[in-house]
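Biologist: I am new to reading structures, and I would like to learn how one goes about it. Could you walk me through this one?

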Amino acid sequence: MNRLLIIGPPGAGKGTQAARIAEELGIPAISTGGIFRKNISEQTELGREAKSYIDAGNLVPDEVTNRMVRDRLGQDDARGGFLLDGYPRNTAQVQELDAILEELGQSLDRVLLLTAEDDELVQRLLGRAAEQGRSDDTEEVIRHRLEVYRAETAPIIGLYEQRGLVARVDGLGTVQEVAERLLAALGRS
Ligand code: ADP
């Protein structure tokens, strides 16, 4: 049980939970949004390619994102498992991840789906905007990211449900409570 995805709308708490769960399981948490933000702050070529899409709340083009994930999953520390946060985010990326894992002779063990109501999500993201000043956390961009999630990302849940991989976990509660639910969904508590 150590090749995992965490999927959920912006603001559901994926990043926070991914870091905790991954630490608990001794596997790397791989956040595509986190990798993009690091590259933007370091002003790399990848950062320059991604920035305008991220600031507008749109998906970075698949070609760029897929290449980045393929590289990352090929690294040594991901050989024994990983928790992918923020990828795949549309059906084309699901197919690409299938191909990458097949080449590596690996397969997914579980897809964690973190749920929360829209109003709660917007409130949390506006709170984070005030604290951290992420450039894509303005109200207009937040609402657009929720739309993109509904239109492009939510449909992939059905694909993983057909494979019997999805564990649905309520994202409402303290960080600790949600972490415990997630670990329970992985049979770890
Ligand atoms: P959130 O889930 O709160 O929107 P993320 O850190 O997961 O935050 O993503 C931030 C932004 O990074 C997204 O709005 C998108 O522009 C970009 N991004 C992250 N992952 C992907 C992906 N798999 N495909 C395309 N773009 C992505």
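Biologist: Is A19 buried or exposed, or something in between?

Modeller: The general idea is a set of cut-offs: buried means under 20% relative accessible area, exposed means over 50%, and partly exposed lies in between, using a 1.4 Å probe and the protein chains only. A19 has 42% relative accessibility, so A19 counts as partly exposed. Keep in mind that this is a predicted model, where local features need pLDDT of at least 70, side-chain atom pairs count only at pLDDT 80 or more, and totals for chains, interfaces and linings use all residues. Residues are numbered from 1 along each chain as its sequence is written, and side-chain values use heavy atoms, with hydrogens and water left out.

Biologist: Which element holds A19?

Modeller: Helices (H or I, at least four residues) and strands (E, at least two) are DSSP runs, numbered from the N terminus. A19 sits in helix α1. Sequence distance and spatial distance are separate things to read: A19 and S31 are twelve residues apart along the chain, and their C-alpha atoms are separated by 9.1 Å.

Biologist: What does A29 touch, beyond its sequence neighbours?

Modeller: Contact means heavy atoms within 4.5 Å. Not counting residues up to four places away in sequence, A29 touches A18, A19, A22 and L83. A29 belongs to strand β2, residues 29-31, and is partly exposed at 39% relative accessible area. Between the C-alpha atoms of A29 and Q17, twelve residues apart in sequence, there are 9.6 Å.

Biologist: Now the loops, please. Where is P9?

Modeller: P9 is in the loop between β1 (3-7) and α1 (14-25). With a relative accessibility of 8%, P9 counts as buried. Leaving aside neighbours within four places in sequence, P9 is in contact with K14, L114, L121, L146 and Y149. P9 and F36 are 27 residues apart in sequence, with 18 Å from C-alpha to C-alpha.

Biologist: Which residues does N90 contact, apart from its neighbours within four places in sequence?

Modeller: N90 is in contact with L59, D62, E152 and I156, once those neighbours are left aside. The loop between β3 (82-85) and α5 (91-104) holds N90, and N90 is buried, at a relative accessible area of 8%.

Biologist: How do I read a polar contact?

Modeller: Look for a pair of N or O atoms within 3.5 Å; within protein, one must be able to donate a hydrogen and the other to accept it, and residues adjacent in sequence count only if both atoms are side-chain atoms. For example, the side chain of N90 reaches the backbone nitrogen of A92 at 3.2 Å. Another polar contact, of 2.9 Å, joins the side chains of R134 and D136. R134 lies in the loop between α6 (118-132) and α7 (139-153), and touches R37, R128 and R145 when residues up to four places away in sequence are not counted.

Biologist: What about the backbone itself?

Modeller: Two features to look up are the peptide bond and the phi angle. The peptide bond from Y87 to P88 is cis, with omega near 0°, and P88 is in the loop between β3 and α5. Q43 has a positive phi of about 55° although it is not a glycine. Q43 is placed in the loop between α2 and α3 (45-56), and is exposed, with a relative accessible area of 61%.

Biologist: How many residues surround the ligand?

Modeller: A residue is near a molecule if one of its heavy atoms lies within 4 Å of it. Here 20 residues surround the ligand, and the closest are K14, T32, R37, N58 and G86. Helix α2 (residues 32-41) gives the most to this shell, with four residues.
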